[in-house]
Amino acid sequence: MNVIPSHLECVRCGKQYDLSKVRYNCDCGGILDLVRDFSKVDGQELKALWESRWGTKRGLYSSGVWRYKELILDIDEKYIVSRQEGNTRLYPAGKAGEYAGLKNFFLKHEGENPTGSFKDRGMTCGVSAAKYYGAQQVACASTGNTSASMASYADIGGMRSIIFIPEGKIAYGKLSQALAFGGRTLQIKGNFDDAMELVQNVCHELNIYLLNSINPFRIEGQKAIGFEVLQQLDWEVPDWFIIPGGNLGNNSALTKGLEELYKLGIINKIPRVAVIQAAGAAPLAKMWKNHTPYERVMNPETIATAIKIGNPISWEKSLRGLKWCNGVVEDVTEQEIMDAKAWVDAAGIGAEPASCCSVAGAKKLVDAGVIDPEAKVVGILTGNMLKDPDAIIGYHKDELGALGIRGTYANAPVVIEPTLEAVKAAIK
Ligand SMILES: *Cc1c(COP(=O)(O)O)cnc(C)c1O
Ligand SMILES: [Zn+2]
């Protein structure tokens, strides 16, 4: 397979740029996509190549991202910084499926990536691009998972990482990873959106490579979530994908990847995609439901800290993808997120709060008659359960009252006397 010619293209005005220089924005301010020329590509040949790499034991193609290298980033292997990311499991949803009212529900667990979130799929590609462009320093604004991932991949790629995190609540599992991996961590007096604005200026002024999902190569890597789900389903296309939305890069990646497979004839049905936001941080859902122009949310609030974002950078890409696949946007309350999480956890699968928007959203859309209970549905679990143990303990001890969350399905620990009688009473 020859390298497929590609260039960067503005999502807003369509202006094209070649890949010779680092660029995140168009002159018009729009963000950029990596666009490929498929005129000489045989989709069936590509699919056969990917099938032949399935189960590779070592090396580049053992990665669940680089297995699809031709549609990820076709650069010389010497630039590629990989941790054999991807290859995450696709679980039958079990009790979480019953809770959502779906008979045919699968959960793709991206929390099983090397640093515990799907961000690793974008980061392997983004850090490889950084290396390709000769960057020595990389930076990101992060609610936690991006920084944990970037710090790890920067270590492996021999680069310095600089992290901008919002002040206030950031899940401890994530912050501890960033610190442990040695990322220079700057806590900004402001929220994520402030940190995002600052890091863009800093990267521009100080010539540091920016690794937020505004970076088009991050999006390319994250497309592999959808590719891998389809390969796990022997390329049988589900009716729906359900995915949480924060900065809106991941759902943009999902639809972009699906559209490419469709254009190449690798799939011949278009699945619908539902993007789920937390009600306290839902600019896309608001715009979608009210048919109003895009407007940022000023003080985003949610226990699902990974998606506590009021001014998502990829909203235009997100909308474009949703229009292509006849998708929908929904929002879910704090209570709905944590109750769905209780069921994802009790199913024996487990995921962090933001991830469980997929299941909360599934339930809401089934109840509303948008998703048929018989439909084949894949929910994306974006992050690992252990990222945010505070949220779990708070729920099960029913201590989240101040946030308006009740421990509806709580499994509280009990304190007992050390006697057989007490044990009998407690476990009956
Ligand atoms: C980053 C993240 C999200 C949100 O993804 P976006 O691309 O920002 O929409 C959701 N869940 C988890 C666990 C994340 O780390
Ligand atoms: Zn433009």
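Gly280 lies in the loop between strand 11 and helix 10 (283-290). Helices (H or I, at least four residues) and strands (E, at least two) are DSSP runs, numbered from the N terminus. The structure is a predicted model, in which local features need pLDDT of at least 70 and side-chain atom pairs count only at pLDDT 80 or more, while totals for chains, interfaces and linings use all residues. Residues are numbered from 1 along each chain as its sequence is written, chains are lettered from A and ligands numbered from 1 in the order in which they are written, and side-chain values use heavy atoms, with hydrogens and water left out.

Gly280 has a relative accessible area of 29% and is therefore partly exposed; buried means under 20% relative accessible area, exposed over 50%, and partly exposed in between (1.4 Å probe, protein chains only). Not counting residues up to four places away in sequence, Gly280 touches Val297, Asn299, Pro300 and Glu301, where contact means heavy atoms within 4.5 Å. Gly280 and Ile303 are separated by 23 residues in sequence and by 9.3 Å in space, C-alpha to C-alpha.

Strand 11 itself covers residues 272-278, and six of its seven residues are buried, so the strand is largely enclosed by the rest of the structure. Strand 10 (residues 240-244) runs parallel to strand 11 and is joined to it by five bridges; two strands pair if DSSP finds at least two bridges between them. Within this pair, Pro244 has Ile276 of strand 11 as its bridge partner. Between the two strands the chain passes through helix 9 (residues 249-263), and this β-α-β crossover is right-handed. A crossover is given this name if, with the strands pointing away from the viewer, the path from the first strand over the helix to the second runs clockwise. Strand 11 also pairs with strand 12 (residues 328-332), in the parallel sense and over five bridges. There, the bridge partner of Gln277 is Asp331 in strand 12.

Asn212 is found in the loop between strand 9 (209-210) and helix 7 (216-222). Asn212 counts as buried because its relative accessibility is 2%. A polar atom of the Asn212 side chain lies 2.7 Å from the backbone oxygen of Ala141. Apart from its neighbours within four places in sequence, Asn212 is in contact with Ala139, Cys140, Ala141, Phe192, Met196, Val199 and Arg218.

Cys13, in the loop between strand 1 (6-10) and strand 2 (16-17), and Cys28, in the loop between strand 2 and strand 3 (32-36), are 15 residues apart, and the pair links distant parts of the chain. Cys13 is partly exposed at 46% relative accessibility, and Cys28 is partly exposed at 37%.

Five bridges join strand 1 to strand 3 in the antiparallel sense, and His7 has Val35 of strand 3 as its bridge partner.

Key:
Polar contact = N/O pair within 3.5 Å; in protein donor to acceptor, adjacent residues only side chain to side chain.
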